[in-house]
Amino acid sequence: MPPPGLLRESWPSVPVLIGGPGTNGTDHWIIERFPWIDGVVRGEGEVTLVEIADAMTNDRDPWLVDGMTARGSDGSFVRTPD
């Protein structure tokens, strides 16, 4: 498996998202600790991922979709409502 930062270096414009039960309650910590992760999908990701794809397709900010924790422009975490 390549080092995590290699993905970001190879495809800097491709968002890197993670999710799953291991992210519950640790979403802000993950964003702060791992700079190559752009966002954490909280809860059931099936709906959130579709909304993220729709936002990206329609020139809306995907990080403002409900159920997301993402890195803000200043590097801090931004958490949308569940």
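The legends below describe close-up views of a predicted model.

**View 1. Salt bridge between Asp27 and Arg79.** A search of the whole structure finds three salt bridges, and one of them pairs Asp27 with Arg79, with the closest N and O atoms 2.7 Å apart. This pair links distant parts of the chain: Asp27 belongs to helix α2 (residues 27-33) and Arg79 to strand β4 (residues 77-79), 52 residues apart. Asp27 has a relative accessibility of 2% and counts as buried. Arg79, at 44%, counts as partly exposed.

**View 2. Salt bridge between Asp82 and Arg42.** The side chains of Asp82 and Arg42 come together with an N to O distance of 2.7 Å. Here too distant parts of the chain are linked, since Asp82 sits in the segment after β4 and Arg42 in the loop between β2 (39-41) and α3 (45-57), 40 residues apart. Asp82 is exposed, with a relative accessible area of 73%. Arg42 is buried, at 8% relative accessibility, which is under the 20% limit.

View 3. The side chain of Arg42 reaches the backbone oxygen of Met68 at 2.6 Å. A polar contact of 2.7 Å also joins the side chain of Arg42 to that of Asp82. Not counting residues up to four places away in sequence, Arg42 touches Asp27, Gly67, Met68, Thr69, Arg79, Thr80, Pro81 and Asp82. Asp27 and Arg79, both in this list of contacts, form a salt bridge with each other.

**View 4. Salt bridge between Asp54 and Arg60.** The side chains of Asp54 and Arg60 meet at 2.9 Å, N to O. Asp54 is partly exposed, at 36% relative accessibility. Arg60 is also partly exposed, with a relative accessible area of 44%.

**View 5. Asp59 in the loop between α3 and β3.** Phi of Asp59 is near 55°, a positive value in a residue other than glycine. Most residues other than glycine have a negative phi. Asp59 counts as exposed, at 74% relative accessibility.

**View 6. The largest nonpolar core.** Six residues make up this core: Val41, Ile52, Ala55, Val65, Met68 and Ala70. The elements that give two or more residues to the core are α3 and β3 (68-71). Val65, one of the core residues, is in contact with Thr48, Glu51, Ile52, Ala55 and Thr80, leaving aside neighbours within four places in sequence. Ile52 and Ala55, among these contacts of Val65, are themselves members of the core.

**View 7. Leu17 in strand β1.** Leu17 is partly exposed, with a relative accessible area of 28%. Not counting residues up to four places away in sequence, Leu17 touches Gly39, Leu49, Ile52, Trp63 and Met68. The C-alpha atoms of Leu17 and Leu49 are separated by 9.4 Å, and the two residues are 32 residues apart along the chain.

**View 8. Thr23 in the loop between β1 and α2.** Thr23 is buried, with a relative accessible area of 5%. The side chain of Thr23 reaches the backbone oxygen of Gly20 at 2.7 Å. Leaving aside neighbours within four places in sequence, Thr23 is in contact with Ile18, Ile30, Val40 and Val41.

**View 9. Nonpolar surface patch around Trp11.** Leu7, Trp11 and Val14 form a nonpolar patch on the surface, and together they have about 300 Å² of accessible area. Trp11 lies in the loop between α1 (4-10) and β1 (17-19). At 52% relative accessibility, Trp11 counts as exposed, because the limit for that class is over 50%.

How values were computed. Residues numbered from 1 in each chain as written. Predicted model: local features only at pLDDT ≥ 70, side-chain atom pairs only at ≥ 80, totals over all residues. Heavy atoms only, no water. Salt bridge = Lys/Arg side-chain N within 4 Å of Asp/Glu carboxyl O. Helix = DSSP H or I, 4+ residues; strand = E, 2+ residues; numbered from the N terminus. Buried < 20%, exposed > 50% of the residue type's maximum accessible area, 1.4 Å probe, protein only. Polar contact = N/O pair within 3.5 Å; in protein donor to acceptor, adjacent residues only side chain to side chain. Contact = heavy atoms within 4.5 Å. Patch = residues over 30% accessible without salt bridge, like charges linked within 9 Å, V, L, I, M, F, W, Y side chains within 5 Å. Areas by Shrake-Rupley, 256 points an atom, 1.4 Å probe, with all protein chains shown as cover. Core = buried A, V, L, I, M, F, W, Y, C linked by side-chain atoms within 4.5 Å.
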